[in-house]
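Trainee: I've got a new model open and would like to learn how to read it. Could you walk me through it?

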Amino acid sequence: MGTKLWTRGIGVLALAVALPTGSLQGQDTSLAHAARIEAEAESMLGHMKEWKSAAELLRQAAALRPEGDPAAVKNLLQAAKLTYYGGDEDGALREFERIGERALNEGDVLTAANVFADAAWIASDRNQPGKALELAARVERLAFSPLLNDAQRTQLRDRFQGSTIGN
């Protein structure tokens, strides 16, 4: 009777150990798929008429990445830039704000602050001074983070040097 219980225990343990491996293999497959999608998007960057499609592919690649993967934020940021340069400034502004929030939620203070600074400039260009000032204030608050060094703080503050944003 003890041997049967021990054998069942080993079987359950083997199953428990095997399950995470399967999910890791699925994650590897998703990451490989994300990389293929990124490569396809990058092949479109030389043709402005394909930027909208490239941006959508980059969003798809980001969605395939696990939460907390900095490559997902990179994909989304590149997609937002393509959206902006493709002429949808209002859509890009919304994307930049979401990306900044995501980076901040994932603990990447420097990326979040830089993305919010980009969004502030877009808001200023879109004649939305209240939004620009709100975003610049977020950058200023993030610049005080103990996670940043003095050079990073200076770089963030210099983003608005000589402008009416953040002054």
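Trainee: Let's start with one residue. Leaving aside its neighbours within four places in sequence, which residues is Glu-38 in contact with?

Mentor: Keep in mind that this is a predicted model. Once you skip the neighbours within four places, Glu-38 is in contact with Leu-58, Ala-61, Arg-65 and Asn-75.

Trainee: And where does Glu-38 lie?

Mentor: In helix α1, which covers residues 2-43.

Trainee: Does Glu-38 count as buried or exposed?

Mentor: The idea is to compare relative accessible area with a cut-off, and buried means under 20%. Glu-38 has 15% relative accessibility, so it counts as buried.

Trainee: Let me try the other end of the scale. Is Pro-70 buried or exposed?

Mentor: Here the cut-off for exposed is over 50%. Pro-70 has a relative accessible area of 59%, so it is exposed. You'll find Pro-70 in helix α3. Its C-alpha atom is separated by 8.1 Å from that of Ala-103, 33 residues away along the chain.

Trainee: How do α3 and α4 pack, and at what angle?

Mentor: For a helix pair, read the angle and the axis distance together. Helix α3 (residues 70-85) and helix α4 (residues 89-105) pack at about 165°, with axes 8 Å apart. Angles over 145 degrees count as roughly antiparallel, so α3 is roughly antiparallel to α4. The crossing of the two is left-handed.

Trainee: Which residues of α3 and α4 meet?

Mentor: On the α3 side, they include Ala-72, Val-73, Leu-76, Leu-77 and Ala-80. Among their partners in α4 are Ala-92, Glu-95, Phe-96, Ile-99 and Arg-102. By class, the residues of this contact divide into 11 nonpolar, two polar and four charged.

Trainee: Zooming out, how many helices and strands does the chain have?

Mentor: Seven helices and zero strands. From the N terminus on, that reads α-α-α-α-α-α-α.

Trainee: One last thing: what share of the contacts with a separation of 6 or more comes from residues 24 or more positions apart?

Mentor: Sort the contacts by sequence separation and you get your number. In this chain, residues 24 or more positions apart account for 53% of those contacts.

Technical notes
Residues numbered from 1 in each chain as written. Predicted model: local features only at pLDDT ≥ 70, side-chain atom pairs only at ≥ 80, totals over all residues. Heavy atoms only, no water. Helix = DSSP H or I, 4+ residues; strand = E, 2+ residues; numbered from the N terminus. Contact = heavy atoms within 4.5 Å. Axes fitted to C-alpha atoms, helices over the stretch in contact; angles between N-to-C directions. Parallel < 35°, antiparallel > 145°, perpendicular 65-115°, else oblique. Left-handed = near helix turned anticlockwise from the far one by under 90°. Nonpolar A, V, L, I, M, F, W, Y, C, P; charged D, E, K, R; others polar. Buried < 20%, exposed > 50% of the residue type's maximum accessible area, 1.4 Å probe, protein only.
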